[in-house]
Amino acid sequence: MSSRRNFIKQTGIIGMVGMINPIDTFAEVSKTSSFLAPPKTKWADGSRLVVSISMQFEAGGQPDNAESPFPQNIQKGYIDLPAATWYNYGYKEGIPRMLDNWDKLGVKVTSHMVGTAVLKNPELAKEIVQRGHEAAAHGMNWSTQYTMPYEEEKKFIKDGVDAIKNVTGFTAVGYNANWLRRGPNTLNILQELGFKYHIDDISRDEPFIIQVKNKDFAVVPYTLRCNDIVLIEGKNFSVDQFLQQAKMEFDQLYAESETQRRQMSVSFHDRIGGTPQMVKAANDLIRYMQQHKGVSFKRKDEIAEIALHDKTTIRE
């Protein structure tokens, strides 16, 4: 069966031939279809499919009465103390459990770190980096940055980067805005501050390059479909449903990856993805993926580097 790319090229040629019989024309195109085959956009390192895992380090940096699974009916002037313990679980249990799981599986992930969370739990932030994972920036706190003027937003981003650097020694080159909601100035600021990529885009299943301030800038797409905060959080999917959906996503992308560069993203948050049931689901999911030939697991800074140096990377 002809691919969509073949179909578009073939019908385009047919449309240029005017009054020529379209059936005859299509027959001629089919005879010489080798030059119409879609380009094989493989990963430069030989991977068939790349899996990108995010581990959000946010707990401890949240504001008072941040959204949680508890009813949002706390009376004004009071602190939702049980909800605070839900967040505390993220750094007390969640991230340590996930770190052990990544080690058992032999995979490295990208941890998007909120600056205030890093400052509250510096030893944990250092451990993430020491175990070989990427520290990416996730703002200084949970403030809404898309409403900020240029200089205020620049300071907000830089303060988060500095917190990570001062605690872990790692210079963040990737960025994730709160709920992906960057503003009109965000990308210009990131380019100015020396970032290489951002993830606040869900428009593709492979990395691509955009122009920011007349320079290349990588986009390493994020996910909502395989994201624990969207699907789980104690009120939507069960763990079994999450696992099944992620497996189906993987199966389809793996099939497509035979002829096309494909990336699968999976996202885990400290207080959700670090629960016992979700860590077990992640372990089962990754072991399933590892049974397939050509699947590799990469940090997002590695993906961005590959994209920026590969001439076949999509440009927008």
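Across the whole structure, a search turns up 22 salt bridges, each a side-chain nitrogen of Lys or Arg within 4 Å of a carboxyl oxygen of Asp or Glu. Keep in mind that this is a predicted model, where local features need pLDDT of at least 70, side-chain atom pairs count only at pLDDT 80 or more, and totals for chains, interfaces and linings use all residues. Residues are numbered from 1 along each chain as its sequence is written, and side-chain values use heavy atoms, with hydrogens and water left out.

| Pair | N to O distance |
|---|---|
| Glu-206 and Arg-261 | 3.3 Å |
| Asp-310 and Arg-261 | 3.1 Å |
| Arg-315 and Asp-216 | 2.8 Å |

Salt bridges with shared partners join Glu-206, Glu-256, Arg-261, Arg-262 and Asp-310 into one network. Asp-310 and Arg-261 are both buried, meaning under 20% relative accessible area, with exposed over 50% and partly exposed in between (1.4 Å probe, protein chains only). Glu-206 counts as buried too, because its relative accessibility is 3%.

Now for the strands (DSSP runs of E, at least two residues, numbered from the N terminus). Strand β6 (residues 208–212) is largely enclosed by the rest of the structure, because 4 of its 5 residues are buried. β6 pairs with β7 in the antiparallel sense over 5 bridges and with β10 (residues 314–315) in the parallel sense over 2 bridges; pairing takes at least two DSSP bridges. Gln-211 sits opposite Asp-216 in β7, while Ile-209 faces Arg-315 in β10. In the β6 and β7 hairpin, which has 2 residues between the strands, Lys-213 takes a positive phi near 55°.
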